[in-house]
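Please open the model in your viewer and keep the selection panel at hand. The tour below goes chain by chain and ends where the chains meet.

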Amino acid sequence: MAATPIKIERIRKTFPGVTALDDVDIDVAEGEFFTLLGPSGCGKTTLLRTIAGFYQQDSGHIHVGDTIIDKVPTHQRDIGMVFQNYAVFPHMTVAENVAFGLKNRKVSAADITRRVAKALATVQLSGYEQRTPDQLSGGQQQRVGLARAMVIEPRLLLLDEPLSNLDAKLRIQMREDILDIQRQLGITAVYVTHDQEEALVISDRIAVMNFGRVQQIGTPWEIYRDPVNEFVATFVGNMNVFTGPEILAALQPESRQSFSAPGGAGAEGYRAAFRPEDVRILAPGQQLPDDVVAFGGRVDKTLFLGSDVTYRVQIGEGVTLTVNEYVAEKTDLRDEKTNVVACVPKSKLMFFDGQTGERLRMGG
Amino acid sequence: MLNWFRRNGFWSAVTLGGFAIFGILILLPVYSIVRESFFDADSGAFGLGNYVTFFSTPYYFRTLFNSLIVSVGGTVGAVVLGVPLAFFTTRYRIRGGALLSTLATLALLTPPFLGAYAWIVMLGRNGFLRQLLMAIGINFPTIYGPLGIIIVFTLQFYPFVYLLTASGLQTVDRSLEEAAENLGARPFKKFFRVTMPLVIPSVTSGALLAFMLSLANFGTPMIIGARFRVLPTLAYTMYTSEVATRPAMASTISIILIFAASLAIFLQRYTANRRKYTSLLLNRPVVIRLKGMKNVLAHLIPYLIVGLSTLPMVVVVVFAFRNTSGPVFTSGFGLDSFRRVIFDVPQAITNSLVFSVSAVILIVVVGTLLGFVLSRRRSTVNGILDTLLMSPYILPGTVLGIGFITAFNRPPFMLSGTATIIILAYFIRRLPYSVRSAVSILQQIDPALEEAGVSLGAPPARAFRKVALPLMIPGIVSGAVLSWITTINELSTSILLYVGGTITMPIRIYLSVMDGYFGPGSAMATILLAATGLALLILNTFGDSRRTIV
């Protein structure tokens with residue numbers, strides 16, 4: 001199975017009344033696991049279906065390897081696809097489903113048997129050849145969909161929210177299985193999801209999309225830790241976001257001197273943000289560490305999640321700060337209604353333009 | 001043309017074909033009727049003369065009232081029988097419930113004129129029931145006239161109300177009724193304030209269906225109405241009467257009939273779409289097992305209703321086996337009537353089979369292709385076609401018959417007297433149902449399945465053949481069987497289009513009844529009933545026949 005790079009070049013697609021894809025540029029390296037992430041209606045599925053050939057773009061080009069496939073009919077594109085609702089043919093057995101693409105390619109009967117067996121072994125469905133889809137669980141059906149898409153040894157594998165119909169436990173297991181299979185085959189994969197955690201876990205790189213535009217392309221670490229705008233920052237993971245006046249009002253006296261927004265932006269011109277897990281609640285009487293920004297507040301809610309604890313701390317009138325902490329000892333648990341000081345390292349603070357939401361950087 | 005085809009492909013050709021079918025088989029006949037209705041029957045002058053005549057002459061005008069009276073009567077009757085039947089069979093455990101449902105469906109699928117005929121056998125001038133009553137000194141009135149028509153309509157069309165209401169009742173979430181109880185509603189109040197309002201849309205929808213079919217029905221008032229004329233029979237008489245043929249007047253009546261039918265269908269669609277309560281149906285309604293007297297009563301009512309509607313069928317079958325001498329029944333039973341039907345007039349049987357099977361093949365092929373185009377290739381053009389193709393719904397059989405004669409007795413379509421014209425009439429009357437059914441089948445097949453086929457390297461045509469088509473087959477087969485049942489029982493259009501050589505079974509039965517030859521008529525009707533029953537049996541093996549029928 002040859003790994004092939006693909007290049008999406010200024011793809012534009014409009015539907016009556018909406019621009020679904022607005023000049024999208026993406027490069028996917030060979031063998032890369034690439035994810036399109038975004039809320040529903042952001043254009044990620046449209047892009048995937050355009051690559052597959054179910055939609056024809058208005059303008060722009062799709063390169064697979066050295067060839068432009070814009071004019072290639074869907075059934076000749078040699079692109080494997082895994083569907084959200086499995087799309088396993090209900091009137092065929094598991095083996096017939098997997099063999100379907102091979103028959104279209106006029107592969108010899110002996111080769112079909114051999115390759116179907118191998119594909120089913122890869123997805124751990126050996127022995128299920130003669131079952132019909134109604135005898136399979138959702139997870140098994142999706143494995144059939146996966147086997148069926150990869151058995152044709154496509155140049156590219158597309159996966160359209162393949163896990164969204166599975167229950168939470170199975171979803172976690174399946175996403176690792178998909179990753180294992182993709183690495184084992186070394187195939188280039190484009191994966192669509194709206195689940196940010198899934199995207200972070202599974203991807204080599206992610207493109208976050210919104211309103212038909214690519215907001216940011218980067219590794220999971222870059223997307224999570226270094227978002228380019230407020231949309232990416234808040235869509236991926238949890239984020240405390242405050243307006244300038246809100247944050248200034250909540251600052252502890254010690255922090256007022258050292259706190260500053262980038263580029264000397266006025267209080268109305270920015271929003272400040274940081275992740276809940278970067279916030280620490282000081283023990284009573286504890287000295288304020290260096291290079292932090294501190295807020296005074298009152299614990300409104302203590303939510304015990306097992307592995308960690310979430311506090312909602314009221315730091316101003318109608319302004320709530322979320323804190324995520326690992327708490328090992330019961331004595332360290334903060335009770336509701338107690339006054340606390342919460343601090344966040346300055347290096348973890350991000351600032352976004354109040355109007356555009358673009359990231360404002362220090363010294364910029 | 002060839003280029004256009006290559007560029008736009010097969011499915012565009014199907015759309016184009018759909019428009020051609022509409023143009024030739026619907027628009028042209030309707031246009032012919034409309035045109036003719038504007039030429040004065042007496043003077044030949046162009047204008048509204050015929051309409052003025054219709055509304056100013058009591059002889060004509062009264063038929064509009066008559067039509068409304070029997071249609072309203074039949075509808076009320078259908079609701080009175082259908083709603084309780086639905087309630088008892090869905091809420092209480094009734095032994096033989098499946099049998100009741102099958103018999104009600106059979107009653108719905110047998111043509112109304114058979115029912116009318118059976119009632120004449122029972123309560124006609126020489127009806128056996130009436131003579132029986134006379135023998136013990138009761139002078140029971142004959143069945144002829146409006147009351148007879150209403151009885152037949154009631155027993156014919158109540159299954160629509162029953163089936164729709166029953167499915168409505170089955171989808172009322174139990175939690176809603178439990179919530180009502182929890183909030184302190186007594187059973188009686190619970191039924192009238194919660195359950196009933198939720199199924200009202202289903203009842204209304206069924207009732208309007210019954211109304212529309214009553215309005216368009218031709219066979220029943222023709223057989224049992226005697227001198228009581230309704231719009232379809234008046235149009236028919238105006239067109240065929242040997243003494244005073246007035247085709248222009250027949251066309252005018254047809255247009256009025258179309259208007260009345262359109263109004264009814266508009267109301268039906270409106271109520272069916274408005275106030276449709278969707279239910280998550282997490283909790284199915286409970287079926288209560290009754291005890292003692294209540295249980296007896298709960299069984300008695302459904303059995304009585306269904307029994308009454310099955311009675312005509314039983315009578316027809318019994319009388320088919322009675323010995324006859326000419327038009328008179330003699331004592332004893334035998335196969336004489338069947339022998340006479342099969343050996344004297346075999347043509348009616350073979351014609352019926354050939355016509356209906358040919359029509360069904362056309363209906364299935366064209367209906368499936370059009371259904372696919374309309375559901376999978378949405379566009380403005382296809383949306384328009386979808387609406388246009390539904391128009392046969394509002395064309396009563398009699399009207400379509402008159403339209404066909406008017407349109408197709410001159411070049412380029414010289415079809416009068418041929419088998420083709422009857423097959424085409426069957427085809428166009430049933431096509432909307434077939435298209436609808438194909439669309440609803442396709443709605444249940446995920447488009448992603450075909451896409452999966454294409455992405456795995458199958459060209460679109462192969463993907464359709466290998467993926468969508470096999471999944472559609474069961475639905476197509478039930479649709480085909482249903483189409484076959486309705487076409488083989490078709491009377492109102494074919495009676496206007498037939499000539500000696502193209503006579504069919506329903507026409508033969510109608511003529512036998514009119515001539516008073518009840519023996520052969522019953523035998524023919526029994527054959528028709530057997531064919532219908534057999535088809536229904538096939539239909540039931542394909543699962544949910546109820547949904548397909550209504």
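The radius of gyration is taken here over C-alpha atoms, and the globule rule is 2.2 Å times the number of residues to the power 0.38. This is a predicted model, in which local features need pLDDT of at least 70 and side-chain atom pairs count only at pLDDT 80 or more, while totals for chains, interfaces and linings use all residues. Residues are numbered from 1 along each chain as its sequence is written, and chains are lettered from A and ligands numbered from 1 in the order in which they are written.

Select chain B to begin. Its radius of gyration is 25 Å, which agrees with the value near 24 Å that a compact globule of 550 residues would have. Along the principal axes, the C-alpha atoms of chain B fill a box of roughly 80 × 70 × 50 Å.

Now select chain A, whose secondary structure comes to ten helices and 19 strands, and whose C-alpha atoms fill a box of roughly 80 × 50 × 35 Å along the principal axes.

Finally, display both chains and turn to their contact, which takes 18 residues from chain A and 15 residues from chain B, two residues being in contact if their C-beta atoms, placed from the backbone, lie within 7 Å. On chain A, select strand S6 (79-82) and helix H2 (94-104), each of which supplies at least two residues of the side that touches chain B; H2(A) gives the most, with three residues.

Terms used:
Helices (H or I, at least four residues) and strands (E, at least two) are DSSP runs, numbered from the N terminus.
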